[in-house]
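We'll go stop by stop.

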Amino acid sequence: MAIRVAFIAAECEPWAKTGGLADVVDALARALGQLGGGALERPVDVFMPHYRGMREPAGLTRAEVRIPDPLAAGSELVVGILSVETHGYRLHLVDHPPAFDREGMYGTPDADHPDNAFRFGLLCRAALERLRHEERPPDLLHIHDWHAVPALLQRDAVLGHDAALAGAAVVLTIHNLAYHGWTPANRVPELGLGPGALPRGADGLDLLRAGIERADLVNTVSPGFAAEALTPAMGMGLDPALRARGDRFIGILNGLDTDLWDPATDEALAAPYSQADRSGKARCRKALLATLGLDPADPGPVLAMIGRLDRQKGFDILAEAAPSLLERGFRLAVLGTGSHEVVAPLRAVALSPAALSRIALEERFDRDLARQMYAGADGFLMPSRFEPCGTGQMIALRYGTPPIVRATGGLRDTVIDVDTRPGAGTGFSFEGETAAELTAACARFADRFERGGAAWEALLERGMAIDFDWRSSSAPAYLDAYRRAIGLTQMPRITSR
Ligand code: ADP
């Protein structure tokens, strides 16, 4: 049976992005539509907020839905939905200026928006309102991270009677276990769940936990992280809830959109290159050094790091390692947005005399520069404390830039250490969350980089040859999960007596 699928998410590339969530939502929606065998009844519907300053596709048409105003009993809000079929899916931007026409998708660099419960509750309720009036309601609602969990709760709390939605199976994907969408008790009414949303005496609602408990199937974005998330050390307080779901909690490794991320066609690059002909990479390197003001005469390897400025990503570990890396001859190119505090130690090193023309630190979101860095750097750093999957290392591999990663979660699943498995390795990995271990891995990188030759070229080639295409295994795995979830909701409920 061809199924109808709808996504609700806070980000989707190229319209609005802070991290990998956006890459996944976009690429998975498109890949599902491209799977053969008529798997989907029609393209996936993707609901996301209409943020200020976001990219907008051409041809949007506007419709409106009316939803109950969670802040004023008995009143309604009129919410716009801007829709267009584009990029292989049907994009719907939920348009409500009081919620989304402001700086910052989630908050300012200093704090989350205090009314995020209202904002994402509204996203979800508007999406449900639209879906339930469609001729063919969805068989499967795929909700991404805590921002979309209110849809599941609203459906059950206030739309449970609604025949169009009651039968939909719900799959929750956890892209980041660290963000729970904690909603304090005084903010819970903003979620639009009606009375009784909060158990008596509770001081708030952990949205991610509620989603884990109630979705028909829950997954995270790599098998490695799925296993780690079950442990108290890595479960971020949700490991008991995840363990309780038994085999209804699974790991599905993310893919990569190999059409969007392809050095042979990437228009941001100074020169195209491919696995068969990598000569353009040297030109990309030269152009990158010029762009970042790094000395072209310096022979030292250039390591790039790109990511949200969040403790998770280990910018502080890099900052601690930076003086010894400079001493060993490395240069660093760093691009990120988020908390200024997270990058302050690195900025301090970047201002030291030893770092002059050797560390470039760019605090902004810049899609083209990111691409130029994946292509032009010699190595790519991801010293993450935890990593549900990680996108950067996959892009780096595809761009022939060996990753240096901490062996955790999806990084462990996608990067093979070349010194451990010389004939199969694709990068460098280290275990401990320490500057010393990062420095040691970088030293192994430098040894091989400086030796160069056929062994170095083979390392790059193995990385570039990996098939990360969503259509090969990740999207089919989601389709299997959808079918399983639908089957689970159709099973007669077994009641204990
Ligand atoms: P996470 O999802 O935890 O943010 P990932 O590695 O999965 O981390 O994905 C990060 C994605 O966001 C990659 O595509 C990366 O290139 C991109 N990215 C992160 N920060 C920036 C930035 N400042 N400018 C451009 N792209 C960025």
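Which residues line the second largest cavity? Select Ala 27, Arg 30, Ala 31, Gln 34, Leu 256, Asp 257, Thr 258, Asp 259, Asp 469, Trp 470 and Arg 471 and you have the lining. A quick note before moving on: this is a predicted model, where local features need pLDDT of at least 70 and side-chain atom pairs count only at pLDDT 80 or more, while totals for chains, interfaces and linings use all residues. Residues are numbered from 1 along each chain as its sequence is written, and side-chain values use heavy atoms, with hydrogens and water left out.

**Cavities**

A cavity here is a set of points, on a 1 Å grid over the protein atoms alone, where a 1.4 Å probe fits but cannot get out; a pocket is an open set with protein on both sides within 12 Å along at least five of seven lines, and lining residues have an atom within 4 Å of a point. Grid points are joined across faces, edges and corners, and a volume is the space filled by probe spheres set on the points. The second largest cavity holds about 60 Å³. Its lining splits into 4 nonpolar, 2 polar and 5 charged residues (nonpolar: Ala, Val, Leu, Ile, Met, Phe, Trp, Tyr, Cys and Pro; charged: Asp, Glu, Lys and Arg; polar: the others, Gly among them).

Next, the largest cavity, at about 80 Å³. Pick Asp 23, Val 24, Ala 27, Asp 257 and Trp 470, the closest to its centre among 14 lining residues. Helix H1 gives the largest share of that lining, 4 residues. Helices (H or I, at least four residues) and strands (E, at least two) are DSSP runs, numbered from the N terminus.

**The second largest pocket and H9**

Now select Lys 281, Ala 282, Asp 378, Trp 456 and Leu 460, which lie nearest the centre of the second largest pocket. That pocket has a volume of about 210 Å³. Helices H9 (280-292), H12 (367-376) and H16 (453-465) each give two or more residues to the lining.

Stay on H9 and colour its buried residues: Gly 280, Lys 281, Cys 284, Leu 288, Leu 289 and Leu 292. Buried means under 20% relative accessible area, exposed over 50%, and partly exposed in between (1.4 Å probe, protein chains only). Their cover includes strands S12 (302-309), S13 (331-338) and S14 (359-362), plus H12; contact means heavy atoms within 4.5 Å. Just after H9, click Gly 293, which has a positive phi of about 70°.

**H17**

Jump to residues 474-490. The end C-alpha atoms of this 17-residue helix are 25 Å apart, which agrees with the 24 Å it should span at 1.5 Å a residue (the expected span is 1.5 Å times one less than the number of residues). Its buried residues include Tyr 478, Tyr 482 and Ile 486. Among the elements covering the buried residues of H17 are strand S1 (5-8) and helix H1 (20-34).

**A buried glutamate**

Select Glu 190, in the loop between strands S8 (182-184) and S9 (204-206). Glu 190 counts as buried because its relative accessibility is 9%. Leaving out residues up to four places away in sequence, Glu 190 touches Pro 70, Leu 71, Asp 115, Ala 117 and Phe 118.

**Last stop: cysteines**

The whole structure has 0 disulfides. Cys 12 is buried at 0% relative accessibility, and Cys 124 is buried at 0% too.

Notes. Disulfide = S-S within 2.5 Å.
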